[in-house]
Amino acid sequence: MLLNKLHVALPNLNIEENKPLSPLCTLHVGGKAEFFVAPSSIEEMRILYNFALSENCDIYVLGGGSNVIFPDGIVKGIVISTENLNSFSWRTEITADIDSGFKLPLIMKELREKNLAGMEFAAGIPGTLGGAIMGNAGAGGHGICELLDEVITLESDGEIKTWPINAINYSYRYCSLSDSKRIIISARMTFRKSNPKDKDVLENFLLRRGSQPHAFGNAGCTFKNPEGYSAGKLLDDCGCKNLCVGDAVVSEQHANFILNRGHAKSSDVIKLMKICIQKVFDSTGIKLEPEIKILGE
Ligand SMILES: Cc1cc2nc3c(=O)[nH]c(=O)nc-3n(C[C@H](O)[C@H](O)[C@H](O)COP(=O)(O)OP(=O)(O)OC[C@H]3O[C@@H](n4cnc5c(N)ncnc54)[C@H](O)[C@@H]3O)c2cc1C
């Protein structure tokens with residue numbers, strides 16, 4: 001029924017049913033999307049979003065899947081992928097308009113080619129610009145939001161809105177755009193001419209990546225650092241390394257990483273996260289907050 005209506009609303013869009021989500025998420029967990037769609041224009045996105053709103057249908061936005069956990073089983077509603085919203089265009093020598101589905105490593109590549117800098121802290125962060133903005137992804141005290149001039153969104157009333165950066169609040173792993181349901185369509189970002197020191201800064205950030213586990217699926221840091229503390233150290237001190245539920249295990253190399261050793265389920269990862277939160281709370285009174293977004297709970 002819903003599928004027929006979707007076909008009528010968007011006759012040219014490929015609508016996939018029961019689409020497996022685990023291959024699209026870097027932790028390789030999660031069930032299947034009841035419906036999966038990847039619009040390739042703002043207009044398609046707008047029609048789709050308005051359709052979902054009018055049908056009271058749940059929607060989930062998926063970027064690069066490097067910071068999310070979908071539940072096991074069928075994820076009811078529509079998973080909207082931004083993979084086809086991926087254009088990049090220079091407006092000036094240093095300012096670019098970038099679609100939300102454009103990948104962060106590709107932005108870095110564009111910068112290298114133009115001898116521009118400012119985003120060294122993002123070296124090695126996977127995922128898309130939209131996902132990065134939603135969580136103000138970054139490292140070393142920097143976050144992607146500091147490079148934004150403005151963001152274009154599709155709002156929950158179905159309207160397109162432009163947010164100048166001074167209308168957006170952001171801090172460590174937080175962006176106020178994530179406070180309500182909306183889809184990031186694109187952003188305008190300004191970089192700067194690179195200087196000789198930037199190469200060293202970049203190499204330092206890449207060096208730090210070397211201490212992170214790579215062999216198994218993961219979604220980067222599981223928990224945010226509580227103010228004044230390192231979540232990884234707290235987890236380590238509280239004996240969380242190597243704890244496991246099913247095939248989900250706390251990395252021995254870096255306690256803030258949960259790895260999928262092969263056949264972990266979302267429920268295993270979530271259970272393990274809860275055990276870690278409890279252990280740290282019992283020992284220190286500090287309540288760890290997930291950095292990974294758990295969707296559809
Ligand atoms: C190996 C590894 C290392 C990592 N290192 C870091 C790091 O150093 N620093 C850091 O901050 N993160 C890190 N991450 C986490 C992750 O890469 C970033 O958070 C990334 O920016 C998420 O982008 P994504 O496109 O994958 O988002 P997704 O995982 O697809 O989505 C994340 C959230 O954003 C929402 N979302 C995505 N796109 C949109 C959109 N267009 N509009 C509205 N909502 C949207 C989703 O619904 C979800 O809630 C790491 C991950 C891995 C796997």
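What distance separates the centres of domain 2 and domain 3, taken over C-alpha atoms? In this predicted model, the two centres lie 27 Å apart. The domain assignment divides the protein chain into three parts. Domain 1 spans residues 2-81, domain 2 spans 88-201 and domain 3 spans 214-291.

In soluble globular proteins, nonpolar side chains tend to be buried together. The largest nonpolar core of the model holds 81 residues. Within this core, I133, L235 and V269 touch the most other members. Helix α7, covering residues 266-284, gives the most to the core, with 6 residues. Leaving aside residues up to four places away in sequence, I133 touches I144, C145, V151, C175, L177, I184 and A187.

Two further buried positions show contacts across sequence distance. L234 is found in helix α6, residues 231-237. L234 counts as buried because 23 other C-beta atoms lie within 10 Å. V280 is 46 residues from L234 in sequence, yet their C-alpha atoms are 6.7 Å apart. Apart from residues up to four places away in sequence, L234 touches Y229, V280, T284 and I286.

I292 sits in the loop between α7 and β20 (293-294). Despite this loop position, I292 is buried, because 22 other C-beta atoms lie within 10 Å. I292 and V68 are 224 residues apart in sequence, but 5.6 Å apart from C-alpha to C-alpha. With residues up to four places away in sequence left out, the contacts of I292 are N67, V68, I69, A219 and T222.

Strand pairing was examined next. Strands of a sheet pair through backbone hydrogen bonds, either parallel or antiparallel. Strand β2 (residues 32-37) takes part in both kinds of pairing. With β1 (residues 15-20), β2 pairs in the antiparallel sense over 5 bridges. Here E17 stands opposite F35 in β2. With β5 (residues 74-81), β2 pairs in the parallel sense, again over 5 bridges. In this pairing, A33 stands opposite V75 in β5.

Strands β11 (residues 148-154) and β12 (residues 160-164) run antiparallel and are joined by 5 bridges. T153 has K161 in β12 as its bridge partner. The two strands form a hairpin with 5 residues between them. In the turn, G158 has a positive phi of about 85°.

An open sheet of 3 strands has the order β17-β18-β19, with antiparallel pairing. β17 (244-245) and β19 (258-260) stand at the edges, and each has a single partner strand, so one side of each lacks a neighbour in the sheet. β17 and β18 (residues 248-250) are joined by 2 bridges and run antiparallel. C244 stands opposite V249 in β18.

Most residues other than glycine have a negative phi, and most peptide bonds are trans. H28 has a positive phi, near 55°. H28 lies in the loop between β1 and β2. H28 counts as partly exposed because 19 C-beta neighbours lie inside 10 Å, whereas burial requires 20 or more. N56 also has a positive phi near 55°. The place of N56 is in the loop between α2 (42-54) and β3. N56 is exposed, because 7 other C-beta atoms lie within 10 Å and the limit for exposure is 12 or fewer.

Key:
Residues are numbered from 1 along each chain as its sequence is written. This is a predicted model: local features need pLDDT of at least 70, side-chain atom pairs count only at pLDDT 80 or more; totals for chains, interfaces and linings use all residues. A nonpolar core is a set of buried Ala, Val, Leu, Ile, Met, Phe, Trp, Tyr and Cys residues joined through C-beta atoms within 7 Å. Helices (H or I, at least four residues) and strands (E, at least two) are DSSP runs, numbered from the N terminus. Two residues are in contact if their C-beta atoms, placed from the backbone, lie within 7 Å. Domain bounds come from an automatic or database domain assignment. Two strands pair if DSSP finds at least two bridges between them.
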